[in-house]
Structures are given as C-alpha cells and as structure tokens.
Amino acid sequence: MYDLNWKDVKTPVYRSFYLFNVTNKEEFLAQTPGKFVKPILQEIGPYTYREFLVKENVEYLDYNKTYPQQVYYKQSATFYFDPERSNGSKDDVLTTLNFIVPLIPALLENLIHNDGILKAAYVYLNKLIRETKTELLFTMSVDEYLFGFQNSLFDALIDIVAPDSGIDKFGLFLLTNMSIGWRDYQVYTGHNNHELTSVITKYKNMSELPYWNGTTCNMINGTDGTMTPPFLDKTKPIYFFVDEMCRSLYANFEEDYTVHNIKGWKYTVPAEVFQSPLKNTNNECFCLDPNHETCQHDGATLVGSCLFGVPLLVSFPHFLYGDGFYASKLVGMHPNKPDHEMALVFEPSVGVPLKVESRIQLNMYMTPNKEVKILSNINESFAFPMTWLNENAELQESDAVWLHKLLYKIDDIALLLQIVLLVIGGALLIGIFVYMVRKRYVSSNKSQDDQHSLPSSAKGSAKPDELPLEKAKGSQNLTHTDLFQQDFRYTSTSSTTEFIGT
C-alpha cells in the first residue's frame, strides 16, 4: 500500500469541476440599489482532469518509545485534462464572477488598518477599474478560469505590489497545479502503533492552526484522506484534514459498501459540519464574528481567516443541507444527497480507500461596498458560486484482484492451516496418550512377573515345566501339586502379558 496509495498514488485520481454560467449578465450588471437581481446560473460540466499525486522530499524523522516515528513530505499535484471523462471541452466559454473584484477590497481591509490610507487605496482601485474597463462578470475559457488567465486589472495591481515577481496569470487553482505553493505535511508512520497510521502531526510546520477562535477548531485531526488507520470501528467517526477549508472534517459510518468484490464501509460527512452555531455549539469557534450573517444560517463556513481576509465561503455543492438562505438568492441550485454529498469508502481492516467522492463548493461571499463603485449597486449580501469540485478515485479492478487475495485468500489458507494443525496435533496427543498407557501396563506386568518368577538358582537353566522332578524336589522340597500350581501361574501371567502387548 506504500507504493500503491501513499508515496506515488497509482490509483487514478480525478478532479471533476462543475462551473456556473451566468445567463442573465446584462440584467445582473444593470441592477440598481434597492432592486436586487438574482444571478441565473446554468451548471456546466463536469470538466475532468487527471490528478497525479506524488509525495516528494520524503524524510523519516528520528523516533523513540516516547515519540513515535514520523515522516515529512511535500505533496505535489499535476493536472491533465481528460476529455473522455468530461462533458465538454476545456476550451468551452463561460460567463461567471470576476472574483478579482471582490477579492481586492477584502485584502485591502485585512492589510490596511488606517482609515485615511484605506480610503486613498479605494480611490486608486476605482481608477484602475475604470482604466482597465473591468466588469463584475467576465467571459473566458474553462481552462483559463481554473488554471490561469491574463487580466488587465490583475496585471496593473501586480505592477504596483510586486513588479519583479514574474507573475502574469491568475486562476482558481493555479497554485495547486504543478505544486506551486503546495503545502507540506508531517505524519505518523504507524510504526509500533497502527492507530497513528498517516495521522497528521504538522501542517505547514504548524501542529495547531491559528485561524479559528478555540483550541478545538484549531486542532489538526486525522489524515490527509489518502489512507486512514486500520481496524476501523463503526461506532467511531473518521477524521481528515481539508487544506482548501483550513480545517478538519469528520465522517460517520453510513452503510456497508462493496467495490470490486471487496467489502468496505461507506462514511459520509454529516450536515452538522456546516450547521450554524445556533444549532450546533461545536461550530461556535468557526465563527470569528457571531453576528455575521454566515454565522446565522446553515450550509456554509466562511474561511477568510486563513486566506488574508478573502471572503471565501465553503459549502457542499448546491448548498446541500443548507437552510435555504444561500440558495434563495440564486436561480439554479438543486441540491440532492446522492450527487452532492461527501462520501468515502474504506476497507476496514487495512484502512485503504476503495472509493472517494470528496465534493465541496467554493463561493465568493459578496457584500455591498460603497467605496468601490463596481460593488455599490449590489445592495444584498449573497454567496456567488464559482465552482464545485469532486476529487474522486476508485480502486482499479486489477489492484482489487490482488487486494482481494491478500484480504480473503490468506484467511482461507489460515483457516485450512488451522484445521490441518488441529488434526495433526490431535493425532500426536492421542499417540502420546496410547504410548503412555501401554508403557504403564507393560511396566506394571513386568513387576508382577518378577514377583512370581522362580528362584535365582532356577533362572537361566530351564523353564519350570522343563525341570526334572527329582531336582526340583531336592532343591525346593516341593510336591507335584505345588509344582503344577506354580507352573500354571507363570503360564497364565505370560499369556496375559502377551495379550496386552498385542
């Protein structure tokens, strides 16, 4: 499993992206204060990319009885478009949110705490938006939107902030592809303690996150999802860390599930994960501002605290398990559990993932901003879906064949060996018992023979029935009757011993 699913993941992993094409661009952009126009969204896709995952810079750390063995690595990922698994071409064109526009004000407010400087920055931002003719919605290809596009507003900002950076593109997953800026991990190997297998101890060199209001929410729990500790317990949840969400999630056992004749357990992430703290107090520390709108409703979590204030709202696709607040401000949301849940199937004995459907939706939380003219017409806060993705994988049938043998054939062989050893062991015990009984009887009868045998003068010369009568009389002074009785006793005892021996 180290070679198959850990160091170099050979099980095919795919990222399927579903995007939202805005079909009422003109009406949406023409809205006026006091009259909110819902964006009408048409879901397109999936656009599927094969994801190659390799752990690099693998370094095993020193360990002892107090500190179990750990390994450090950097996860690299490379994406290649897979047309056969896609519904459309990566060159398909879509109209969607220009997420650079709401992103910049959030960054400015997070970095600048002087009102005068912040106001001056807004004036300059409005100037750049006008000069570059930037709109809140833009049109481009699917591949550009996901993995990098050129934008005049972005170029102007980079020339000001980091002119020598060499960055000339921006995309939703630009930093993920080719592992630019990819995170590093440190995990337990499970050596000497299988319960710690693949459990994360550090993320980006942090053993505890600094993003949330509370120790519980800042804990890094579980694995990275590629494996889980073996010998699962249905009554206990499994934990895994999702870096896009800057937090750990948990999943509960739902049902038995078979993949290529291998019996697994299906776990699903429950609705409680995205519930409002008003319903689920365990989520209180995920809300930095309890009065914020996103903390009053079910269905999503704002993760801007780990993204320099960028108002990224994470949810299940189509706001599954939401209370309707987010979906009601959009046209085109149709949540259903089979298509939009996050589900993982593990083989319980060894912790190998048999099938994974890791689904999340990335939304930009839009709020009115009077300082930025392009955002001033939006008078209602709402979540604008940018994409929902499904990072999915299923154990190949060829790998399932040998895994099936490993899991089940060895059990059959072990059972057969137990039966054979039981039979052999039983036969040996019976043989030893018979031998001991026989030896005991032989020893007992030999003792009786010694007691009833003739005197030493008669030994070695002849049997009693062969002794001359006169000699017997002279030496033993016996009568004919005595001789007969003694001869009978000897003969009877010898016959009995011979019978028992036989």
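**Close-up 1. The Cys217–Cys285 link.** With 70° about its S-S bond, the link of Cys217 and Cys285 is right-handed. Here Cys217 sits in helix H7 (residues 215-218) and Cys285 in the loop between strand S10 (262-268) and strand S11 (300-302), so the pair ties together parts that are 68 residues apart in sequence. Helices (H or I, at least four residues) and strands (E, at least two) are DSSP runs, numbered from the N terminus. The S to S distance is 1.8 Å; a disulfide is a pair of cysteine sulfur atoms within 2.5 Å. Cys217 and Cys285 are both buried, meaning under 20% relative accessible area, with exposed over 50% and partly exposed in between (1.4 Å probe, protein chains only). This is a predicted model: local features need pLDDT of at least 70, side-chain atom pairs count only at pLDDT 80 or more, and totals for chains, interfaces and linings use all residues. Residues are numbered from 1 along each chain as its sequence is written, and side-chain values use heavy atoms, leaving out hydrogens and water.

**Close-up 2. The Cys246–Cys306 link.** The sulfur atoms of Cys246 and Cys306 are 1.9 Å apart in this disulfide. Cys246 lies in the loop between strand S8 (238-242) and strand S9 (247-259), and Cys306 in the loop between S11 and strand S12 (312-315), so the pair ties together parts that are 60 residues apart in sequence. It's a right-handed link, with 75° about the S-S bond.

**Close-up 3. The Cys287–Cys295 link.** This one is left-handed, at -120° about the S-S bond, with the sulfur atoms of Cys287 and Cys295 2.2 Å apart. Cys287 counts as buried because its relative accessibility is 11%. Overall, the protein's disulfides follow the pattern 1-3, 2-6, 4-5, counting bonded cysteines along the chain.
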